[in-house]
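This briefing sets out selected features of the structure shown below.

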Amino acid sequence: MNQHTMKLKIDGIEVECVEGSTILTAAKAIGINIPTLCYLDGLTPYGGCRLCLVEVSGTSKLFPACATPVASGMEVTTQSPKLYEYRKMVLQTLLAERTHICAVCIANDHCELQAIANQHGVDHVFYERNWSSNKIDSTHNFLVIDPNRCILCTRCVRVCDELEGVHTLDLKFRGKNTDVIMDQDEPWVKACSCTSCRKCAKVCPVGAIYIEGENIEYTKDPDVAAFIVERRKRLK
Amino acid sequence: MKDDKRRGLLEKVLKDHGYQESALLEILHGAQEIYGFLDKELLTEIAGVLNLPPSQVYGVATFYSFFKLRKPGEHVVTACLGTACYVKGVEPIIAAIEEEFHLKRGGSTEDGKLSILQTRCIGACAMAPIISIDDVIIGKATKEVVIKHIKQVLGETKAEAV
Amino acid sequence: MGSPVKEMLYESGGFFKKQHRIVLRNAGKIDPNRIQDYIAMGGYTALVKCLSSMTPPGIITEILSSGLRGRGGAGFPTGQKWRLVAQANNSPKYIVANLDEGDPGVYANRSIAEADPHAIIEGMLIAAYATGAEKGYIYIRKEYPLAIQTLQKAIDQAKAMSLLGDNILETPLKFDLTLRFGAGAFVAGEETAILASVEGRRAMPRPRPPYPANSGLWQKPTLIQNIETLTNIPLIIQNSAAWFSKTGTPKCTGTKCFSLTGKVKNPGLIEVPMGITLREVVFDIGGGIPDGKKFKAALIGGPSGGCLPEHLLEVPIDYDSLTKVGAIMGSGGIVVLDQDSCMVDTARYFTEFCVDESCGRCTPCRAGLPRMLEIFQKITHGQGEFSDLAVLEKSCHFIREASLCGLGQTAPNPVLTTLRYFKSEYLHHIENKECEAGVCFKTRDEDEPK
């Protein structure tokens, strides 16, 4: 092997991996599954959702597994009562942030947020929920965006920029007012740079971007990002 | 808008910054100084020249509170919302201005003569509370002084118009 | 805006007695628009000393042994930071001077830039020589027009005297300096956000590692330094590390500038030795509380600092002691509150500030802080329940530990400290629907959650 490898411990198990890998991929290699939402294989890590936080010995800080590179001798803990509690709080905070009603969501049963919340036993939301009622944009021929279901993971923004390359999508404002926009906050039909490639709908972990009239099962294909990255390697 | 001499000034700003995308904030500052605010047409223009995606330029312009995307009033009252000003009671002064001139913070009067904006600390805390009226700073402000001053400023424009 | 601070010049009394002016050495004594004045006061001799008789590692050792820690808030040892950048194996290297002072109630850095701009430039030049950086940016708030003007003039003068550019003072040293303007985003003071902003993007922090010392501006090694820290550098070189570390405490050397504001008789910009007590600052320098009113709390560290009550007035002001009581040094703001201030409202105010300034990247800060603010609206409008306090506290710990950057990690501090030291006020608001300071329970439409 040409690449430099290093050894670390994850949940007590020793693992050897190449320099530059992240804690998340190192854990995956030995079958340890760390929950993620904003992370998507094939896109630049964002480190925003905070679901994949892990403990690293020697510091009291928590690190996002998706964006933290491994270091030699590192000892990582991916499961602890504290981490479990904080993951639950991340999920509850996301559910309280906008209007998430699974029963009337197109992504019901095909939603990553719903699935992870179920896995973590989130049976209620301890905050008062904030029922946003932003306008749904269904001006495009077949693509629809419902900001009320958006969790601002920016997978769509990154796939549009990094893989499709047109950067139609970006964010406007900041903090709690942040939203995904097309071009200069135009209705989707007027966003000239959009190629209608559908990748944003394929990678959206929730029901915020979907294809009108299409069964969500067919639309959702988050693996498309890693697939494209792999295929592009042939070009080089 | 694009054909007037302001376009030339904008061109100079762009050129001074070497058309670099990393100077986007400086360029937006420059454009706002020239045009008073940044509308979509102007942002599209800047995005085009810098070869940046329009969504990215719009994203930057809306992220920072200093950039104005709407036309401000002819006269602008700015209230400092820093801690010292808050502790020393800037809040009742803002409320009094809103009541006296019938406008809401962040907005303008119907005739577009007056806007009231809020800013985070402007760093003159020893003089708190601070209100500025068209870049004239009033330190240790009181309701009475501020309202009187605004009336004066508004009166001046009337006089000029006649 | 930004005109000199005549009102702050107290000629008599205790205002100056307990101060120790190192960073503000030239403030008010020289004409900031004349490089000759700075030179006449011994300016740029430290740079000459570095270039003529010191090696870059030698300078770094000197800074390390001075014990100087970053004045931007976190208190990271400056020498270590320089060493990391110097050792980084990549080029070009950059220096970013952080003059984004976004904390409400803080203006020390603005005052330094307006009064002694060349001290900043000299500090940056020494850092450039020590770390091998070739390009520097001063990131300054657009709200500081006089400071911008003064700095630009200083840069032009330094260029004209071959103190900036290629072959500085006829040596191989090369350093270029440009101003970059902030645009009203508190979070841009965070070290990875400032990089995004200098690159012309949304000031959104990113996870660390990689640290800016290895991968900063355009993925190149970058030294990010606070203005006050830089201003200390020429003095350490001129007078030695041993001289510098005589002031302050052993673990926390030198002085710290504070903007002392709020309900004190003598508000103003002060510079005190590290380790001075809060009581000395508030009562001896600040002259105590005006109008015969009673001291209630001192807010130290800005919107992410802590509210310290009377019984903590003896706390020495240094990084470690402040952290122990739940406050932080922050960038140097002390706001004094008297009996007319409500601590619940104060915590609400700071929470609102952080809600407005959150960048929106990470869940806890973007989506958690607004829920806390809603609870505050409930409590200050007479709809609070006792169970709200538990939710507040739980949220504080979550946001503090799970947020991506310093803004979220410290945003709960005012809430945690007021819950810790002024819990009775919260209880009083909830139980009796009454605010003893007479601040809350007023109908203010704009306060309603949106």
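Two residues are in contact if their C-beta atoms, placed from the backbone, lie within 7 Å. On that criterion, twelve residues of domain 1 of chain A are in contact with 17 residues of domain 2 of chain A. The model is predicted: local features need pLDDT of at least 70, side-chain atom pairs count only at pLDDT 80 or more, and totals for chains, interfaces and linings use all residues. Residues are numbered from 1 along each chain as its sequence is written, while chains are lettered from A and ligands numbered from 1 in the order in which they are written.

**Domains of chain A**

- Chain A is divided into domain 1 (5-79) and domain 2 (93-235), with bounds that come from an automatic or database domain assignment.
- Between the C-alpha centres of domain 1 and domain 2 of chain A the separation is 25 Å.
- The side of domain 1 of chain A that touches domain 2 of chain A has eight nonpolar, three polar and one charged residues. Here Ala, Val, Leu, Ile, Met, Phe, Trp, Tyr, Cys and Pro count as nonpolar, Asp, Glu, Lys and Arg as charged, and the others, Gly among them, as polar.

**Contact between chains C and A**

- In this interface, 25 residues of chain C are in contact with 26 residues of chain A.
- On the side of chain C that touches chain A, the elements giving two or more residues are α13 (343-357), α14 (363-380) and α15 (386-402) of chain C. Helices (H or I, at least four residues) and strands (E, at least two) are DSSP runs, numbered from the N terminus.
- α14(C) gives the most to this side, with eight residues.
- By class, the side of chain C that touches chain A comprises twelve nonpolar, four polar and nine charged residues.

**Helix pair in chain C**

- The axes of α5 (residues 108-115) and α7 (residues 145-160) of chain C come within 8 Å and cross at roughly 40 degrees. Axes are lines fitted to C-alpha atoms, for helices over the stretch in contact, and angles run from 0 to 180 degrees between N-to-C directions.
- C:Arg110, C:Ala113 and C:Glu114 of α5(C) make the contact with C:Leu146, C:Ala147, C:Thr150 and C:Leu151 of α7(C).
- This contact of α5(C) with α7(C) has four nonpolar, one polar and two charged residues.

**Overall dimensions of chain C**

- Chain C has 18 helices and eleven strands.
- The C-alpha atoms of chain C fill a box of roughly 75 × 50 × 40 Å, taken along the principal axes.
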